[in-house]
Amino acid sequence: MAEAKELKQLFVVQRPPYKSENPKLALTHALASQTAEIYLDDGETVLPTIAFVGDGVLNALNNQKSMDHYGISSNENHVQMTLLIDLRVLVCKEDLEARGIDAGRLADGSALGADMSIEVVPFSEIQKEMEAADQLLFF
Amino acid sequence: MKLGVILTESKRTEDTFERLQADKLSVVLAGNGIYHAVIKENGNTSKVLDKAADFYVLTEDLESRGFTSADLVDAKIKQVNYDGLVDLIMDEHDKFVWL
């Protein structure tokens with residue numbers, strides 16, 4: 001029997017939302033991970049984690065009205081969906097504080113029924129996740 | 001010259017904006033430019049707001065990013081919607097540029 005293998009991916013989002021599709025692309029890739037598993041061998045799994053740093057933390061804010069104004073789903077909604085499939089979503093504490101944003105302004109996964117919540121963590125923890133990841137992807 | 005400027009970048013990496021001069025200067029913060037209107041980085045408001053100008057922020061882009069008028073960092077920033085922006089461009093300025 002083949003040994004179980006878990007591939008850890010870390011998506012690091014450093015750009016703000018909407019100017020480009022870049023941050024949403026990271027979330028979409030992470031969300032697609034469950035679909036990707038059908039292409040893997042038995043025992044292989046993919047475990048993505050999302051980390052928002054720098055201006056990327058602005059993607060994780062709640063109350064985004066992009067559907068009303070742009071007619072597109074919000075990055076907030078993508079974050080909620082990511083939480084709904086039990087992926088970890090990390091937001092850099094220092095970058096949030098530097099922008100004067102309270103953690104209470106972050107997207108709430110429970111609104112969609114998610115058990116997971118956004119984790120506000122120091123950059124040092126995101127650094128550890130980078131070191132632990134098999135694949136590191138910056139967006 | 002009555003000049004309007006639409007600013008859509010959240011970071012300033014060149015000094016064109018700082019050197020612009022006009023008898024009447026208006027700055028419309030749109031797209032990711034709205035962050036100049038709502039974020040105090042390390043407690044400081046954006047240097048963009050130091051410019052002697054009338055400041056506007058585009059409501060649609062503000063709300064799409066999860067902010068409201070309650071988040072504006074300076075009372076001199078006025079909200080304007082798409083219709084209002086058209087009026088600013090057509091009625092109140094000679095020229096409008098996009099930085």
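Predicted model: local features only at pLDDT ≥ 70, side-chain atom pairs only at ≥ 80, totals over all residues.
## Chain A at a glance

Reading from the N terminus, the order is β-α-α-β-α-α-β-α-β-α-β. With a radius of gyration of 15 Å, close to the 14 Å the globule rule gives for 139 residues, chain A is as compact as a globular protein of that length.

Along the principal axes, the C-alpha atoms of chain A fill a box of roughly 50 × 35 × 30 Å. Some 37% of the 139 residues of chain A count as buried. Take the contacts in chain A with a separation of 6 or more, and 79% of them come from residues 24 or more positions apart.

## The sheet

The 5 strands of chain A make an open, parallel sheet, ordered E4-E3-E2-E1-E5. At the edges sit E4 (119-121) and E5 (135-138) of chain A, each pairing on one side only. From one strand to the next, the twist averages 25°.

Look at E1 (residues 5-13) and E2 (residues 44-52) of chain A: they pair in the parallel sense over 9 bridges. Leu7(A), for instance, stands opposite Val46(A) in E2(A). Helix H1 (residues 22-31) of chain A lies across E1, E2 and E5 of chain A, and runs at about 165° to E1(A).

## Where chain B meets chain A

The contact draws 18 residues from chain A and 13 residues from chain B. On the chain B side, helix H3 (residues 59-64) gives the most, with 3 residues. That side of chain B splits into 6 polar, 5 charged and 2 nonpolar residues.

Terms used
Residues numbered from 1 in each chain as written. Chains lettered and ligands numbered in written order. Pairing = 2+ DSSP bridges. Helix = DSSP H or I, 4+ residues; strand = E, 2+ residues; numbered from the N terminus. Axes fitted to C-alpha atoms, helices over the stretch in contact; angles between N-to-C directions. Contact = placed C-beta atoms within 7 Å. Nonpolar A, V, L, I, M, F, W, Y, C, P; charged D, E, K, R; others polar. Rg over C-alpha atoms; globule rule 2.2 N^0.38 Å. Buried ≥ 20, exposed ≤ 12 C-beta atoms within 10 Å, placed from the backbone.
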